[in-house]
Amino acid sequence: MSFGQKCAGAYAASGKLEGREFMEKEALKLQESEIGRKQLQLFLKAFGGAACGRGAYTLMEGCMLCILPTLLCKSPITTVGLGDTLTAGTFLRGLELDVQT
């Protein structure tokens with residue numbers, strides 16, 4: 001999910017995704033949401049989840065619940081499609097790593 005987070009942050013800040021190097025460079029300029037970090041701690045406390053990278057997850061009734069603070073930019077170029085960008089980036093990275101579900 002961290003890769004998807006970086007993709008969405010870079011896209012919001014620049015309005016484009018021009019490959020991995022571009023995305024990684026743009027994402028480094030962004031700060032993680034303080035509010036998101038606090039919500040992550042509340043999530044862990046409420047659901048007894050496990051921390052994983054910058055986020056956390058828990059299994060509940062056969063489903064996996066995940067939380068990940070967003071990356072913030074002061075002047076976003078776009079906000080349309082950020083959820084799709086995060087999801088696609090996460091899925092793509094899973095394929096690269098050959099993650100088995």
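Predicted model: local features only at pLDDT ≥ 70, side-chain atom pairs only at ≥ 80, totals over all residues.
Reader: What is the phi of glutamate 61?
Author: Most residues other than glycine have a negative phi. Glutamate 61 is not a glycine, yet its phi is positive. The value is about 50°.

Reader: Is glutamate 61 buried or exposed?
Author: The cut-off for exposed is over 50% relative accessible area. Glutamate 61 has 81% relative accessibility, so the residue counts as exposed.

Reader: How many disulfides does the structure hold?
Author: A disulfide is a covalent bond between the sulfur atoms of two cysteines. The cut-off is 2.5 Å between sulfur atoms. For cysteine 52, the closest cysteine sulfur is in cysteine 66, at 8.3 Å, too far for a bond. The count for the structure is zero.

Reader: How exposed is cysteine 73?
Author: Buried means under 20%, and exposed means over 50%. Cysteine 73 falls in between, so it counts as partly exposed. Its relative accessibility is 22%.

Reader: How are α1 and α4 oriented to each other?
Author: Helix α1 covers residues 2-14 and helix α4 covers residues 82-97. Their axes come within 7 Å and cross at roughly 140°. Angles over 145 would count as roughly antiparallel. The pair is therefore oblique.

Reader: What is the handedness of the crossing where α1 passes α4, and which residues make the contact?
Author: The crossing is right-handed. From α1 come Phe3, Gly4, Gln5, Cys7, Ala8, Tyr11 and Ala12. From α4 come Leu82, Thr85, Leu86, Gly89, Thr90, Leu92 and Arg93.

Reader: By class, how does the contact of α1 with α4 divide?
Author: Nonpolar residues number eight in the contact of α1 with α4. Five residues are polar. The charged count is one.

Reader: Which residues does leucine 82 touch, beyond those up to four places away in sequence?
Author: Leucine 82 lies in helix α4. Its relative accessible area is 22%, so it is partly exposed. It touches Ala8, Tyr11 and Ala12.

Reader: How many Å apart in space are leucine 82 and lysine 29?
Author: In sequence, leucine 82 and lysine 29 are 53 residues apart. C-alpha to C-alpha, they are 17 Å apart.

Reader: How are α1 and α2 oriented to each other?
Author: Helix α2 spans residues 20-28. The axes of α1 and α2 come within 8 Å and cross at roughly 80°. Angles from 65 to 115 count as roughly perpendicular. Helices α1 and α2 are therefore roughly perpendicular.

Reader: Which residues make the contact of α1 with α2, and how do they divide by class?
Author: Helix α1 brings Phe3, Lys6, Cys7, Ala10 and Ser14. Helix α2 brings Arg20, Phe22, Met23, Glu24, Glu26 and Ala27. The classes are six nonpolar, one polar and four charged.

Reader: Is phenylalanine 22 buried or exposed?
Author: Phenylalanine 22 lies in helix α2. Leaving out residues up to four places away in sequence, it touches Ser14, Lys16 and Leu17. Its relative accessibility is 18%, so phenylalanine 22 counts as buried.

Reader: What separates the C-alpha atoms of phenylalanine 22 and arginine 37?
Author: Along the chain, phenylalanine 22 and arginine 37 are 15 residues apart. Their C-alpha atoms are separated by 25 Å.

Reader: With which residues is glutamine 31 in contact, leaving aside neighbours within four places in sequence?
Author: Glutamine 31 is found in strand β1, residues 31-32. At 61% relative accessibility, it counts as exposed. Its contacts are Thr70, Leu71 and Leu72.

Note on methods: Residues numbered from 1 in each chain as written. Heavy atoms only, no water. Buried < 20%, exposed > 50% of the residue type's maximum accessible area, 1.4 Å probe, protein only. Axes fitted to C-alpha atoms, helices over the stretch in contact; angles between N-to-C directions. Helix = DSSP H or I, 4+ residues; strand = E, 2+ residues; numbered from the N terminus. Parallel < 35°, antiparallel > 145°, perpendicular 65-115°, else oblique. Left-handed = near helix turned anticlockwise from the far one by under 90°. Contact = heavy atoms within 4.5 Å. Nonpolar A, V, L, I, M, F, W, Y, C, P; charged D, E, K, R; others polar.
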